[in-house]
Each structure stands twice: as structure tokens, then as C-alpha cells.
Amino acid sequence: LPELERDLAVAWYYGLVDYNPAKLIAAYRSALALDPDNTIALNNLAGQLSAERRWAEAETLATRATQVDSSGFYYDNLIEAKIGLGHLADARATADQWEKVAPAPFLNFHRAAIAASEGDYAGSERYLHALQRAAQGSPGLQALAAELLARASERRGKLAEATQHIRDEMELEEARGLPQEYLNAAANLAEFEISYRSRPAAGG
């Protein structure tokens, strides 16, 4: 393989087959040394650095990716990095730019995260409901919306509502044929019920 393709293949291997963050990062950095505008390396390295909460580095790489290719796909990591840095006005402006370039249902996820980071939980929940409505053709996004809505309902003390959202998530994961995701949701439901429904009444 040509050196650039080899670096990308190595990064893919250490990202998905034999997970090793240090080797993944090294491979993508090597790829960028050969081709600084390679959007695969820019985007995936930004995602890995965000996962490690290295927000400033992720922001720099994600910004470069959007400069090379303005497709909406590359705004995802940029918004996440800006939220991580606490640059919420910049994150909102970036979301607005993404909407102009290529509107996508997932934008509601980021808008919900921005609103929650600002303490606007009602606004965050409205965006999550918008995500749920826009995701009717995507069971994966529907499941994500159900999971996040469960957390939002729990935060507001709406326990029955939260339980129903978790059950919706379980149903979606079962329909998708993802037993591990179904079991994860079931475990969340069990933990939720232990924490709240089995809690003795105050003073009891």
C-alpha cells in the first residue's frame, strides 16, 4: 500500500479491531504529515481526541476539516469540541452554519446539548423531541432520542415518563436486532427502578 493508505489502514485497525488509542492517534498524525488536508484523518482524529476530552486539539482538527470540505458531516466533531471547551456561543453559530450547509436531524442533538450546558433544560428537551420526530426513518436516532429523553424526564422528576422512554428504547433496540444494546437499556431500566421505585418513602 502507499504510505498514506497504510497509515489510514493502521488507524482503522487500532480503532475498530484491536483498540489502541495511542497507536490510532499516531497513525492519523502520520497520515496528516503526508496529507494535511486528508479529511478522514482530520475528522477521525478529532473524534478520538474529543473522546479523550482533548477539546482544543480536536477543535483545531475539526475546524480544518470543515475548511477543506464544507459538507455537514464534518461539523459534528467541531460542535462537540466547542461545547467541551465551553464556547457555547461558537457552538451555536457552528450549528447554524451546519444547518445552512446541509440540514440534518442530528443537529437537534447538538442544540439540545448546547441548551443543557446553558441550564436551559426545557429548551434542551424540546430539541430532543424534535430529534425524535425527525428520526422516524432512523431507528438508531430514535433509540438515542428515547435514551436522552429518559434522562431529561428523570431530571424533572417525571419517573413514569422516564420509564416509558427507556421501554421505548428497549423496543427499538430489539427491533434493530441489537441484543447488547437492548440489554444495556434493560440494565438502565433495572437500575432506574431500584434507585427510584424501590426507594422507601421519606420518613418511612
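In helix α1 (residues 3-16) and helix α2 (residues 21-34), two sets of residues meet: Glu-3, Leu-4, Asp-7, Leu-8, Val-10, Ala-11, Trp-12, Tyr-14 and Gly-15 from α1, and Lys-23, Leu-24, Ala-27, Tyr-28, Ser-30, Ala-31 and Leu-34 from α2. Contact here means heavy atoms within 4.5 Å. By class, this contact has 11 nonpolar, two polar and three charged residues. Ala, Val, Leu, Ile, Met, Phe, Trp, Tyr, Cys and Pro count as nonpolar, Asp, Glu, Lys and Arg as charged, and the others, Gly among them, as polar.

This is a predicted model, in which local features need pLDDT of at least 70 and side-chain atom pairs count only at pLDDT 80 or more, while totals for chains, interfaces and linings use all residues. Residues are numbered from 1 along each chain as its sequence is written, and side-chain values use heavy atoms, with hydrogens and water left out.

The axes of α1 and α2 come within 8 Å and cross at roughly 160 degrees, so the two helices are roughly antiparallel to each other (angles over 145 degrees count as such). Axes are lines fitted to C-alpha atoms, for helices over the stretch in contact, with angles from 0 to 180 degrees between N-to-C directions. Helices are DSSP runs (H or I, at least four residues), numbered from the N terminus.

Now for α3 (residues 39-51) and α4 (residues 55-68): their axes come within 8 Å and cross at roughly 155 degrees. These helices are therefore roughly antiparallel too.

Next come the salt bridges. Side chains of opposite charge can pair when their charged atoms come close. The structure holds 14 salt bridges, each a side-chain nitrogen of Lys or Arg within 4 Å of a carboxyl oxygen of Asp or Glu. Here are some of them:

| Salt bridge | Closest N and O atoms |
|---|---|
| Asp-7 with Arg-6 | 3.1 Å |
| Lys-82 with Glu-59 | 2.8 Å |
| Arg-111 with Glu-99 | 2.9 Å |

Buried means under 20% relative accessible area, exposed over 50%, and partly exposed in between (1.4 Å probe, protein chains only). Asp-7 is buried at 3% relative accessibility, whereas Arg-6 is partly exposed at 40%. Both Lys-82 and Glu-59 are buried. Arg-111 lies in helix α7 and Glu-99 in helix α6, so this pair ties together parts that are 12 residues apart in sequence. Arg-111 counts as buried at 12% relative accessibility, while Glu-99 is partly exposed at 40%.

Conventions
Angles under 35 degrees count as roughly parallel, over 145 as roughly antiparallel, 65 to 115 as roughly perpendicular and the rest as oblique.
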